[in-house]
Amino acid sequence: MLLKVENLSSYFFLDEGVLKAVDDVSFYMDEEETVALVGESGCGKTIAALSLINLIPSPGRVVQGRIFFNGEDLLSVSAEKLRKVRGGKIGMIFQEPGVALNPVFTIGHQIVEVLQLHRGLEKHRAEAEAVRLLAATGIPEPEKRVKAYPFELSGGMQQRALIAIAISSNPRLLIADEPTTALDVTIQKEIVDLLRHLQKLYKMAILLITHDMGVVAEMATRVMVMYTGKIIEEASKEELFEEPKHPYTKGLLRSIPRLGAGHKEPLRGIPGAVPDFLSLPSGCTFHPRCEYSEGFCFKKFPPLKDITYTRKCACYKHYRI
Amino acid sequence: MKKRRRSRDLILLGASLLPGVGHIALGKRSRGVRLLVYSILMVLLVFWRWEKFLSVFQNKSIGDWVAALFLIISLAACVAFSVWDVNRLLSGTVKKAQEKSPFQLARRRFKENRLAIISLYVIVIMYIIGILAPLLASHDPSAIDDVLETRYQSPSREHPFGTDEFGRDLLSRSLYGARVSLSVGLLAVLIAVSFGTIYGSVSGYFGGIVDNVLMRLVDVIIAFPTFYLLLMLVGIFEASVFFLILILGFTSWTGTARFIRGELLSLKEQQFTEAARAIGLPSRLIISRHLIPNAMSPVLVSAALMVGAMIGAEAGLSFLGIGIRPPTPSWGNMLSQGKDALLVAWWVAFIPGALLAMTILSFNLLADGLRDALDPKALMRRYI
């Protein structure tokens, strides 16, 4: 087991109250596995991922939990050691590659920086390695592109450069925070293929954060669904797509437009909106939007329970779905 | 064919031992002429002041040593650069520059600004003259002989700028004064900008309580009137050039600090900072390698402005008699001496005043040019 997260909670302490962005989340990841973390915007996916390397922006902070990475608890290691893990053992790529690259330096400069930091390469060797990495991410004419500034590259190229930076230290885990959201569809496909290719090549696990079910279907082996800071369903990709157990997951899958579905069947979303984190509904936070809710749903949040050997669900009514 | 080319290359390389000749032959005229003119002037200076040049090395004055060493080293550097650059041009490793890096683009825009280029030349020449003052000066700047005979002589062949109330050669004094005034300006700004940048970036990056404490301290320093602080310090310690540099430097860093802090407050929220943290870069390196370079160009502009202001401040203090003390010449105290004789001998005050005005104006124009070059949007706003 590469990563094991136990009872992780990350709260934001605002003037208006405590915002529980990640609330008692537990999950695990195996080596070379791709786990997708899905959910609507603002459900705590990104904060959960940032919590892993303790990078939550203030006034947020991890309030409890344990994060075992390679058997070490990342929340109790020294700051120095955590720094070595970041970018060393855990790489990260971002939603908007254009703003995640420093505008005043060349791509090559930024890759060389990581290589010197984590692999201790000398300058000229790091430069050669940077060209190799750019080539590995499928950037044409890498010798020329190392000297390019971020604004001279297209969005797809920028994302490739960012991926090159993330894989430069040969990480065990790659956190991909909406890697394709800011790109157009053809480029999305290329980036997804690239990530899959690199995953095999470098034997790394990928934690994929996305709300794009298409990308999930392409890449993930397992899927975790998040809602209001909690994981509400966890299953293998096939199980999840074939037979969602949580009404929220069902709603998510139903809201994907399908070609050839015919005009008779209208596209149905999930009624209502994501609730305000500061005044969450009582009981199951999904109950106001749920067609099955009744009785106990209003009183207590359902625990995430094993419903078969391979999957978990946090719903009292899952047998009805 | 190949052999002929090789021999041509060797001849060119040999020729560029006389700096600039190779460049001119290769069609890089302006660079070649600059190198050639500078080297010829320097060599002429050595022959013209041969006695003085030799005597420097028996001398104990640091200023004289600096002048002589600067001359020798700059000449050697010219020769070395000339040969290296011609070799580079010949081997063809210089690609037709695709001007694209922000720095190159800024340099190109800067070159288009004629006023800024002229002021840059004025400033560079002033500094060279200041450094070489001991070799250039025809008289000892503080030698007083036969005062009644030589005082208040109007400009003449012997004294191109005239003489002052003690019969001292004003040209020589202006040259030495340039050294004092210019070095005070540059070094004080160097202190102010580097300290202010570090201080402001720490404050802005860490934020919260650190920021609060550091910025309140800045408020205290701003609230304290610099002039009285100076008066007090000069009263306690003896005013020297070095001391004046320290005081001016350490009382004027607050503007830079506040500016950098503001920039960092916004830069640190941008995602590339988060990305830099995610690759495990320590805060020290995030600040120095990622954030400060992003905030640097306005600082550069204000630094150029500040040099002019510092030279003015030094002159003002010396004029009032609390800066550089006579007989060490600085433009400020020369001005102060001249004011008493304005009706008898106008040149005593006019010359340092004109030099001051020219230098400060040059720095202001340079700052203007830098701003236009570094921030093209500002240039556009000006035309709209």
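## Briefing on a sheet, a helix and a buried valine

Val189(B) has its place in helix H10 of chain B, which covers residues 170-206. The model described here is a predicted one.

**Val189 in chain B**

- Val189(B) counts as buried because 28 C-beta neighbours lie inside 10 Å, and a residue needs 20 or more such neighbours to be called buried.
- When residues up to four places away in sequence are not counted, Val189(B) touches Ala303(B), Met306(B), Val307(B) and Met310(B).
- Leu120(B) is 69 residues apart from Val189(B) along the chain, and the C-alpha atoms of the two are separated by 17 Å.

**The open sheet in chain A**

- Four strands of chain A make up an open sheet, in which the order is E2-E1-E4-E5 and the pairing is antiparallel.
- At the edges stand strand E2 (17-29) and strand E5 (72-73) of chain A, each of which pairs on one side only.
- Strand E1 of chain A, made of residues 3-14, pairs with E2(A) in the antiparallel sense over nine bridges, and within this pairing Lys4(A) has Tyr28(A) of E2(A) as its bridge partner.
- E1(A) is also joined to E4(A), again running antiparallel, by eight bridges, and here Tyr11(A) has Arg61(A) of E4(A) as its bridge partner.
- E4(A) and E5(A) run antiparallel and are joined by two bridges, with Phe69(A) standing opposite Glu72(A) of E5(A).
- The hairpin of E4(A) and E5(A) has two residues between the strands, and in it Asn70(A) takes a positive phi near 55°.
- Helix H1 of chain A, residues 45-52, lies across E1, E2 and strand E4 (60-69) of chain A, and runs at about 65° to E2(A).

**Helix H4 in chain A**

- Helix H4 of chain A, residues 107-119, has 13 residues, which at 1.5 Å a residue should span 18 Å, and this agrees with its end C-alpha atoms, which are 18 Å apart.
- H4(A) is mostly covered, since ten of its 13 residues are buried, among them Ile107(A), Ile111(A), Val114(A), Leu115(A) and His118(A).
- The cover over the buried residues of H4(A) includes helix H5 (123-136), helix H6 (142-145) and helix H7 (155-167) of chain A.
- Just after H4(A) comes Gly120(A), which takes a positive phi of about 60°.

Key: Residues numbered from 1 in each chain as written. Chains lettered and ligands numbered in written order. Predicted model: local features only at pLDDT ≥ 70, side-chain atom pairs only at ≥ 80, totals over all residues. Pairing = 2+ DSSP bridges. Contact = placed C-beta atoms within 7 Å. Axes fitted to C-alpha atoms, helices over the stretch in contact; angles between N-to-C directions. Expected span 1.5 Å × (residues − 1). Buried ≥ 20, exposed ≤ 12 C-beta atoms within 10 Å, placed from the backbone.
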